[in-house]
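Subject: Structure handover

Dear colleague,

I am passing on the structure that we discussed, and below it you will find my notes on what turned up in it. Please read them with the model open beside you.

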Amino acid sequence: MSQAPIRQAVVLVGGLGTRLGALTKETPKPLLPVGGRPFLHYLIEEVLRHGVQEILLLAGFRAEKLSEISALYPQVRLIVESSPLGTGGALRNAAEFLDERFFFLNGDSLFDVNLWDLASISSGATATLALRKVPDVSRYGPVALEGEVVTAFGESTGAVGEGVINGGVAVLSRDVLADFPQAEQVSIERDVYPRLASEGRMKGRAYDRPFIDIGVPDDFERSQAYIPALVRRGAVIFDRDGVINAEVNYAHRPDQIEWVPGALDAIKAVNDAGLYAFVATNQAGVAHGYYGEADVTALHDWMNAQFQARGAHIDAFAYSPYHPEGAVEAYRKLTECRKPGAGMLLKLMDAFGVDRERTIFVGDRETDMAAARAAGVEGVLFTDGDLGEALALAIARLSARG
Ligand SMILES: [Mg+2]
C-alpha cells in the first residue's frame with residue numbers, strides 16, 4: 001500500500017512542569033535552558049534535519065513565551081489551547097491543521113531515533129510508537145509487542161520487570177481523532193492508546209538509542225552536558241555521482257539516476273547509528289550551462305523522498321555549481337567550494353557542529369580524497385562493489401563514542 005509521504009510533525013509543548021518546581025513556574029518546560037539554549041531548539045532541529053517541512057507546536061501554559069520560536073524557525077506554527085485539554089485534547093484542538101499522517105512528539109523529552117525508520121513500519125496502523133527498553137516497566141506504562149504489532153498498552157499488559165515502554169515519539173494517522181472520547185480533556189496515553197492496541201491498530205518498534213526526559217529533575221541536570229554531546233555527532237559525507245548513484249555524464253533528472261548497490265543500506269545505517277549523513281557534490285554542469293541550480297535542488301529533493309520512503313534520509317546536500325572554465329559567467333570561477341577544495345565539507349561540518357574526529361568523506365576519485373585531506377577528515381575511496389558492505393565497519397567505528 002502506498003501512502004502520502006509524511007511532511008509534518010506535531011510537538012506537545014503545553015504541559016505544566018510540576019516535577020521541576022520553581023524552574024517552570026513562569027517558563028514552559030520545553031524552553032528550559034540546556035547547555036545554554038532552550039531544549040526545544042534541539043528538538044526542532046532534530047526534526048528538521050530529518051526533512052520534515054512543518055512543525056505544529058501545541059501550546060498552552062505560558063504560550064506567549066513560545067511566540068518567538070516561529071521567527072527563528074519559519075517551519076514552526078504555534079497552536080494555543082485556551083484551557084488545559086490534555087495531550088489528546090490539544091491534538092483535537094489542532095484538528096484542522098493536521099495532515100493525514102504526521103510525526104507526534106513529546107516536547108520535553110528527546111529520543112534519538114531514526115524517524116523514517118519508524119515511518120517505514122507505520123503503514124496500516126492508526127498509531128506507530130517508538131519504544132524504549134527499561135529495566136523495570138512497572139514505573140511506567142508497559143507495552144506488549146509481538147513482532148511489529150502492539151497487542152496491549154499500559155497496565156492491562158500486567159507486565160513487570162524488564163520490557164519496553166512508550167518513548168514519546170510516534171507516527172499518527174489523523175483518523176485517530178475518531179477514537180477520542182467525548183470528554184473535553186483527553187489523555188492520549190490513558191484514553192486512546194490502550195484501545196488502539198486492544199483492537200490491533202497499533203504498531204511499535206523498540207530502539208536501543210539515547211533517551212532523556214528533561215521533566216525529571218535528575219535528568220534535567222544530566223541533560224546539560226548530555227544533550228550538547230549527543231548532537232555533536234560524527235558524520236558520513238558522501239560524494240554523489242559514482243558513490244550513491246552510478247556515474248553518468250551530468251545527471252540532473254530522476255530518470256538518469258541508477259542507485260549504486262547498497263547505497264540506500266549505507267545511508268540508512270548512518271541514520272540508524274545516530275550519525276549525520278551528508279552529500280557533497282561538484283555540479284559543474286551548472287557552470288557549463290547544461291542545467292540550472294533549481295534542477296540540482298529538485299533532484300536532491302527527489303532523492304530524499306526516495307530515501308525517506310525506505311527509512312533513510314540525507315541531512316543536508318552541498319553542491320558546487322562552479323567551474324573555472326564555465327560557459328555561464330556567474331559560475332565561472334576557481335573556488336574552494338569545488339572539490340578538491342574543502343569548502344563544501346567545512347561548511348557542512350560547521351553548520352551542524354560535527355565532531356570531525358568521527359567523520360569520513362566517501363568518494364570515488366582522487367579529487368575527493370584531496371578534499372577530505374584539505375578538510376582534515378579521513379577519506380574513504382569507493383570505486384566498486386556494495387556501498388553498505390564497504391562502509392559497515394567504518395559506520396560502527398564512527399558511532400562508538402570515545
Ligand atoms: Mg564522484
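Two strands are taken to pair if DSSP finds at least two bridges between them, and the elements themselves are DSSP runs numbered from the N terminus, with helices being H or I of at least four residues and strands being E of at least two. On that basis, Thr281 has Tyr319 in β16 as its bridge partner, and β15 and β16 pair in the parallel sense over five bridges.

Before going further, please note that this is a predicted model, in which local features need pLDDT of at least 70 and side-chain atom pairs count only at pLDDT 80 or more, while totals for chains, interfaces and linings use all residues. Residues are numbered from 1 along each chain as its sequence is written, and side-chain values use heavy atoms, with hydrogens and water left out.

The pairing of β15 with β16 belongs to an open sheet of five strands, ordered β16-β15-β14-β17-β18 with parallel pairing. Because β16 (316-320) and β18 (378-381) stand at the edges with a single partner strand each, one side of each is left without a neighbour in the sheet. From one strand to the next, the twist averages 20 degrees. Helix α9 (residues 343-352) packs on this sheet, touching β14, β15, β16 and β17 (359-363), and its direction makes about 150 degrees with that of β15; here contact means heavy atoms within 4.5 Å, and angles run from 0 to 180 degrees between the N-to-C directions of axes, which are lines fitted to C-alpha atoms, for helices over the stretch in contact.

An antiparallel arrangement is found elsewhere, where four bridges join β9 (residues 142-146) to β10, with Leu145 facing Val150 in β10 as its bridge partner. These two strands form a hairpin with two residues between them, and Gly147 in the turn has a positive phi of about 65 degrees.

Helix α5 (residues 188-198) has Ile188, Val192, Tyr193, Leu196 and Ala197 as its buried residues, where buried means under 20% relative accessible area, exposed over 50% and partly exposed in between, with a 1.4 Å probe and protein chains only. These residues cover an arc of only 130 degrees around the axis, which puts them on the same side of α5; the arc is that of the directions from the helix axis to the C-beta atoms. The exposed residues Arg190 and Ser198 are carried on the face turned away from that buried side. Just after α5, Gly200 takes a positive phi of about 75 degrees.

Finally, the structure holds 11 aromatic pairs, a pair being rings of Phe, Tyr and Trp (its six-membered ring) with centres within 6.5 Å, counted as stacked with planes under 30 degrees apart, edge-to-face over 60 and tilted for the rest. One of them is the edge-to-face pair of Tyr250 and Tyr290, at 4.8 Å centre to centre and 70 degrees between the planes. Since Tyr250 lies in the loop between β14 (235-238) and α7 (263-272) and Tyr290 in the loop between β15 (276-282) and α8 (293-308), the pair ties together parts that are 40 residues apart in sequence. Tyr250 is partly exposed at a relative accessible area of 34%, and Tyr290 is likewise partly exposed at 49%.
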